[in-house]
2 protein chains.
Amino acid sequence: MKNILIIGCGLLGSSLLRRIHKKKIAKKIFIYEKSKSKIAKIKKLKLPGTIVKKLKDGAINSNLIILCTPMSEYKKIILRLNKINLENTLITDIGSTKIDTSKIIKKFLRKDFNWVQSHPIAGSEVSGPEHGREDMFVDRWCIIIKYKNTKKNNLNTLSRFWKKMGSKVVFMTSEKHDKIFSITSHLPHLIAYNLVKSAQDFENKQRFSLIKYSAGGLRDFSRIAASNEIMWRDIFFNNKNNISKAIDLFIKNLNAFKKDINSNNNKSILKKLIQTKKVRSKIIKLKQDVNKPDFGRI
Amino acid sequence: MKNILIIGCGLLGSSLLRRIHKKKIAKKIFIYEKSKSKIAKIKKLKLPGTIVKKLKDGAINSNLIILCTPMSEYKKIILRLNKINLENTLITDIGSTKIDTSKIIKKFLRKDFNWVQSHPIAGSEVSGPEHGREDMFVDRWCIIIKYKNTKKNNLNTLSRFWKKMGSKVVFMTSEKHDKIFSITSHLPHLIAYNLVKSAQDFENKQRFSLIKYSAGGLRDFSRIAASNEIMWRDIFFNNKNNISKAIDLFIKNLNAFKKDINSNNNKSILKKLIQTKKVRSKIIKLKQDVNKPDFGRI
């Protein structure tokens with residue numbers, strides 16, 4: 001890899017930046033960032049890379065372009081990239097949904113350009129370049145979207161890149177991707193937002209404060225309910241079909257739980273609670289979470 | 001305080017034991033535990049206190065008795081305590097719901113006995129005396145249930161005890177208690193169990209593995225969905241009225257979210273996501289969670 005352009009330098013963009021610099025993966029790293037406050041932070045933190053004022057200046061000199069902006073920005077950026085000669089450049093993105101974004105790419109991107117989509121399963125409830133970490137992608141999965149006509153050399157280049165970021169790479173279609181993450185990521189975030197909203201509604205109605213008692217469980221949910229609102233709005237809108245189905249399944253199961261509780265169905269409740277318990281040890285065994293009680297937070 | 005009897009020495013019972021011993025709060029600590037495997041662990045860990053084989057031997061010599069068993073055991077224990085002369089002993093429990101347990105106490109406990117209920121807001125997804133910690137209750141709230149006729153000196157004794165455990169004490173009725181914790185604790189646990197169950201159902205139906213991608217959000221929920229099943233069955237059954245109402249509010253809000261998503265209601269979604277975000281900083285300000293991204297787990 002010679003030169004890399006990162007478009008959008010927030011939490012994940014700046015994590016890529018740090019890693020690329022540390023592992024000496026590119027000769028030059030260009031950063032294109034439209035937010036003045038983020039640029040100020042990047043400068044203050046003395047992050048590596050060259051900030052370019054014009055998108056073209058970074059793009060024309062790069063072999064790999066990585067979009068790290070909210071997904072709702074893609075179309076605008078594509079229309080600008082189209083005006084630059086990027087036939088020999090590999091473009092990727094790190095957006096969290098793939099069916100809708102692939103449609104936008106297909107519809108608007110120049111046919112002689114190469115774009116292969118990525119999705120590293122990494123992030124945090126905090127945003128901004130000040131929270132980026134060089135080890136953000138280490139031991140995390142990175143999904144690369146593979147269509148029938150995806151060029152092998154592009155898949156190889158991108159796969160090598162993510163492995164250098166420390167990730168474990170897996171290929172799948174956008175359809176499978178969006179189904180899986182509607183359950184493992186999008187529904188959990190929606191549920192967390194919804195639980196916190198319900199607690200707020202309850203607090204307003206009952207007129208007594210209850211957030212201070214959140215150590216009983218609510219605090220776990222409040223973390224992902226503090227995630228970036230633009231990013232999550234985009235995800236909810238983009239993957240609405242899968243998320244709707246996930247909501248329906250969730251409500252169906254919740255009503256069954258309610259019925260079990262109200263009818264004192266001991267056998268059914270215990271079966272469920274014992275069954276769900278197994279998932280935690282599976283997650284820890286798969287090294288997808290820390291092996292300590294309470295996330296090791298105390 | 002002279003002597004204390006702990007009935008049930010699991011996660012919380014053994015945490016009390018450690019704290020009482022370290023802070024020299026009692027002259028003697030008695031432990032009554034019916035599980036042979038827990039007794040073996042207590043001995044192996046060389047935890048302080050005297051294990052009594054007969055409940056009476058510990059109870060008759062104690063000034064304070066603390067029930068740390070599942071709530072479904074209370075009735076059986078009360079009937080046994082009734083046979084001992086405990087008119088001058090203060091009894092408390094640490095159960096997570098209060099309306100139902102107060103009814104059991106009122107119905108079955110000898111009228112000349114003194115029982116004031118407690119609920120320390122502390123715990124973990126792991127169980128057993130090996131996971132107990134001396135600092136389990138430090139800076140955590142402890143609710144003491146106060147009725148009109150509760151004797152002041154008993155309230156004072158219990159309040160002093162919990163403050164020595166490191167807790168912040170607050171008094172409230174069982175009705176208010178069960179309402180608050182249906183939202184901050186019981187609903188979150190139910191939702192976590194239900195989300196993990198839904199992910200399992202989805203995995204079985206689609207026939208592709210997805211637990212390995214849980215770092216996208218699901219893993220946060222899997223922690224409390226790994227909590228003790230007997231304890232949580234008891235809570236769900238005991239507080240069914242409040243929990244049912246909480247489920248209804250949750251489903252109503254979730255359907256509204258679904259509608260917003262399916263109609264691309266940008267304004268409504270953003271308002272909710274920005275509003276819920278505030279709760280996290282409030283929780284951290286109230287010192288109810290660690291002030292680090294990702295619970296500081298990485």
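Analyst: Start with B:Ile143, which stands opposite B:Val170 in S9(B). Strand S8 (residues 141–145) of chain B and strand S9 (residues 168–172) of chain B run parallel, and five bridges join them. Two strands count as paired if DSSP finds at least two bridges between them. The names come from DSSP runs, numbered from the N terminus: helices are H or I runs of at least four residues, and strands are E runs of at least two.

Before going on, please keep in mind that this is a predicted model, where local features need pLDDT of at least 70, side-chain atom pairs count only at pLDDT 80 or more, and totals for chains, interfaces and linings use all residues. Residues are numbered from 1 along each chain as its sequence is written, while chains are lettered from A and ligands numbered from 1 in the order in which they are written.

Now follow the chain: from S8(B) it crosses through H6(B) to S9(B), and this β-α-β crossover is right-handed. That word means that, with the strands pointing away from the viewer, the path from the first strand over the helix to the second runs clockwise.

Our pair belongs to an open sheet of three strands in chain B, in the order S7-S8-S9, with mixed pairing. Its edge strands are strand S7 (118–120) and S9 of chain B, each pairing on one side only. On average, neighbouring strands of this sheet are turned by 20° against each other, direction ignored. Helix H7 (residues 174–206) of chain B packs on the sheet, touching S7, S8 and S9 of chain B, and its direction makes about 145° with that of S8(B). Such angles run from 0 to 180 degrees between N-to-C directions, with axes as lines fitted to C-alpha atoms, for helices over the stretch in contact. Contact here means that the C-beta atoms of two residues, placed from the backbone, lie within 7 Å.

Chain B also has an open sheet of six strands, with parallel pairing in the order S3-S2-S1-S4-S5-S6. At its edges are strand S3 (50–51) and strand S6 (114–115) of chain B. Strand S5 (residues 90–93) of chain B runs parallel to S6(B), joined by two bridges, and B:Ile91 stands opposite B:Trp115 in S6(B).

Finally, look at the partner chain. 87 residues of chain A are in contact with 87 residues of chain B. H7(A) gives the most to the side of chain A that touches chain B, with 22 residues. A rotation of 180° with 0.0 Å of shift along its axis superposes chain A on chain B (RMSD 0.0 Å), so the two copies are related as by a two-fold rotation axis. The superposition uses least squares on the C-alpha atoms of residues with pLDDT of at least 70 in both; pLDDT is the predictor's confidence in each residue, from 0 to 100.
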